[in-house]
Amino acid sequence: MATTLSRPLPVVDAPAPAPRGLLPVVLTATFMTTLDFFIVNVAIPSLQTGLRAGPTAVQWVVAGFGLALAAGLVTAGRLGDRFGRRRMFALGLVLFTVTSAACGLAPTAGVLVAARVAQGLAAALTGPQVLAILRTAYTGPAQAKAFGSYAMTMGIGAVLGQLIGGLLIQADLFGLGWRSCFLINLPVGLATLAMVRRCVPESRAPQKQRLDLPGAALVTAAVTALVLPLIQGQAQGWPLWTWLCLAGSALLFAGFAVHQCRFAVDPVVDFRLLRDRAAGLGSLAQLVFNLGQGSFFLVLAVFLQQGHGLNALNSGLLFTAIGGGYLITSVAAPRVAARLGRQAIALGAVVLAAGLGLMAVTAAEVGTSGSAWWLAPGLFVDGLGMGLVIGPLTSTVLGGVRPQLVGSAAGVLATVQQVGGALGIALLGNLFYSSLRHGFSHAFSLSLLALVALELLLALLVQALPGADRQV
């Protein structure tokens, strides 16, 4: 009788024990790609002046990276299954380092946009391999700690992106200005590459599989058609092409599903994943969580910089309040998850809701005339909640997936994260900007209350996940 997906299986291709330097190597790559997603927001004003870039080009400097990242993740996960996860990780790291140099040396806005798209594709190639490597290299409590470290790295990269960018631009190293935000990846990337062969074990799916090129093309086109209008629609007032793209994405996803179920020998996405409670409901919970996270960072940055008039550096300093709380709970999350099981995620969601609610009340009371630092307690509580959600939720989704589907599952999970972030920015961004006629404080508080509802929904969804036996 076939083994079900919901039953944890032994990993047949993982070394034991994992090399000592594995975590620092793969998490350094994770930190770089996460940082580059956020750091560019700080660099926009100076690069716009330096390259004489128009509004459209500036939008694509941000959107091009996110779009390419989202579109390439599922296929990248399958490439790791077939050709080796260490090999694809190293290739992605090489390409990310090269494209970072291209971004930092770009002579025109058009070249920078093209380099950012290429950088997003390189990040897509690296991302699923990290999740798959952690899943196959560690088991039991060590795996939970590895995913906890992964979650902590992603959170710190996101939270500190603005601060690091502001510091680099203000320092103006060698007169590079905004270019240092990209060129800083060169020494870090090269040093990390030097350690890959020694520290990262090779792993792949137990049975060699063919790459489903039609399926890869369909899912890439479907994700592109979904994410592109979500990224650009708000800024352009939702013209007709955005709605046509969204309709087209639904048709493409339907065609992809039919192809995977009926025609693909080795499908890009094995739909048995979605019938597994942990993978299916966990991915839905991940979508809800990321709906809130991407949009929260957007409205917070706008409220601080445009509402309160903070510069990038001071805004980044305030973001460290989130980082403080996140650091505390992300370190403790594996132990909390071992004790509480899925309720660790629910606890984190409730704490997140409390932090967001506290900020909503504070913003309504303080307005834009008082000190923005009154938001710090709410930001700190929000960070505490984030740290309890990210690691245990990732561990729940990937913990019981059979070895031959790890890369596919990692690609799906990473894609859900990106699509959730883009969708959240589109939906909450529309709510925030449409409410600005009543003032920044009103728009910010209203947006936070919507996020509170999302976090409570996450806490309810978690109740349907498998219990403590699925926690690792």
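## Crossing of helix 4 and helix 5

In this predicted model, helix 4 passes helix 5 in a right-handed crossing (the near helix is turned clockwise from the far one by less than a right angle). The contact involves V130, L131, L134 and R135 on helix 4, and Q143, A146, F147 and Y150 on helix 5 (contact means heavy atoms within 4.5 Å). By class, six of these residues are nonpolar, one is polar and one is charged (nonpolar: Ala, Val, Leu, Ile, Met, Phe, Trp, Tyr, Cys and Pro; charged: Asp, Glu, Lys and Arg; polar: the others, Gly among them).

The axes of helix 4 (residues 109–137) and helix 5 (residues 140–171) come within 9 Å and cross at roughly 160° (axes are lines fitted to C-alpha atoms over the stretch in contact, with angles from 0 to 180 degrees between N-to-C directions). Helix 4 is therefore roughly antiparallel to helix 5 (angle over 145 degrees).

## F174

F174 lies in the loop between helix 5 and helix 6 (180–183). F174 is not a glycine, yet has a positive phi of about 55°. With a relative accessible area of 80%, F174 is exposed (over 50%; buried is under 20%, with a 1.4 Å probe and protein chains only).

## Whole protein

The protein has 16 helices and zero strands (DSSP runs: H or I of at least four residues for helices, E of at least two for strands, numbered from the N terminus). Of its 472 residues, 58% count as buried.

## Basis

Residues are numbered from 1 along each chain as its sequence is written, and side-chain values use heavy atoms, without hydrogens and water. Local features need pLDDT of at least 70 and side-chain atom pairs count only at pLDDT 80 or more, while totals for chains, interfaces and linings use all residues.

Technical notes:
Parallel < 35°, antiparallel > 145°, perpendicular 65-115°, else oblique.
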